[in-house]
Amino acid sequence: MHLRHLTPGEPEIILQVASRMRSTLVEVLGEERGQSLYSLDWLRDRVLFHIESGRVLLAEDEGELLGHCMLRVEGELGLYATSYVRPESRRSGVAQALISAGEVWFKSRGVRHLATDTALGNTKLIRLFEARGFVVVHSTEQMLRLQKPLSL
Ligand SMILES: CC(C)(COP(=O)(O)OP(=O)(O)OC[C@H]1O[C@@H](n2cnc3c(N)ncnc32)[C@H](O)[C@@H]1OP(=O)(O)O)[C@@H](O)C(=O)NCCC(=O)NCCS
């Protein structure tokens, strides 16, 4: 597996990441809501926004996209905006590797805390971040935020 960051001159991969953002929404929110919430154009713009103002990390193997993770900085907070690993590559440490690489990037940006938001029932993601020392700091009826201080 090889990790790198996505650049603006890779339209096909940008589209692939956008469509995997939609797969994330479908997996977390269900088929109907996940498909209809955002257009593919909107999702592609979101990927571009994260390339330009944050970081989009890719995990690849022989040119195949295994997973991605989108990062952005909001004040003193480093936010993992979305993390996705294709089903056939799961439980082999791909997300762990992406999150670790994200931490390195966030450290270089001088943030004080790391956080991610997800749906209340997203056990896979919650376990993944809890295993890395994140704790739930806020929750509503549908969403929760996991956060941890970033030791510099
Ligand atoms: C959440 C997700 C990114 C994890 O990716 P992954 O590459 O399989 O994760 P890893 O192999 O790095 O797993 C690391 C740890 O996360 C936890 N974890 C991952 N999948 C889990 C599952 N199905 N059940 C419980 N814990 C899980 C475990 O602690 C695991 O460590 P272990 O395998 O040693 O037990 C992946 O399941 C995914 O893409 N899910 C759908 C998209 C999604 O919900 N994204 C977040 C939206 S906010």
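In this predicted model, an oxygen atom of the ligand lies 3.0 Å from a polar backbone atom of Ala 95, a polar contact being a pair of N or O atoms within 3.5 Å. Taken alone, the ligand exposes 930 Å², of which the protein buries 79% (Shrake-Rupley method, 1.4 Å probe).

Local features need pLDDT of at least 70 and side-chain atom pairs pLDDT 80 or more, while totals for chains, interfaces and linings use all residues. Residues are numbered from 1 along each chain, and side-chain values use heavy atoms, without hydrogens and water.

Around the ligand there are 20 residues (a heavy atom within 4 Å), and Ser 83, Val 85, Arg 91, Gly 93 and Asn 122 are the closest. By class, this shell holds seven nonpolar, seven polar and six charged residues; Asp, Glu, Lys and Arg count as charged, and Gly is among the polar ones. Helix H5 gives the most to the shell, with four residues. Helices are DSSP runs of at least four residues (H or I) and strands of at least two (E).

Where does the ligand sit? Its place is the largest pocket, since "sits" is defined as more than half of its atoms lying within 2 Å of the pocket's grid points. A pocket is an open set of points on a 1 Å grid where a 1.4 Å probe fits, with protein on both sides within 12 Å along at least five of seven lines; lining residues have an atom within 4 Å of a point. This pocket holds about 1,300 Å³ of space, the volume filled by probe spheres set on the points. Of its 43 lining residues, Thr 24, Ser 83, Thr 118, Asn 122 and Leu 125 lie nearest the centre. Strand E4 (77-85) supplies the largest share, seven residues.

Notes:
A polar contact is a pair of N or O atoms within 3.5 Å; within protein, one must be able to donate a hydrogen and the other to accept it, and residues adjacent in sequence count only if both atoms are side-chain atoms.
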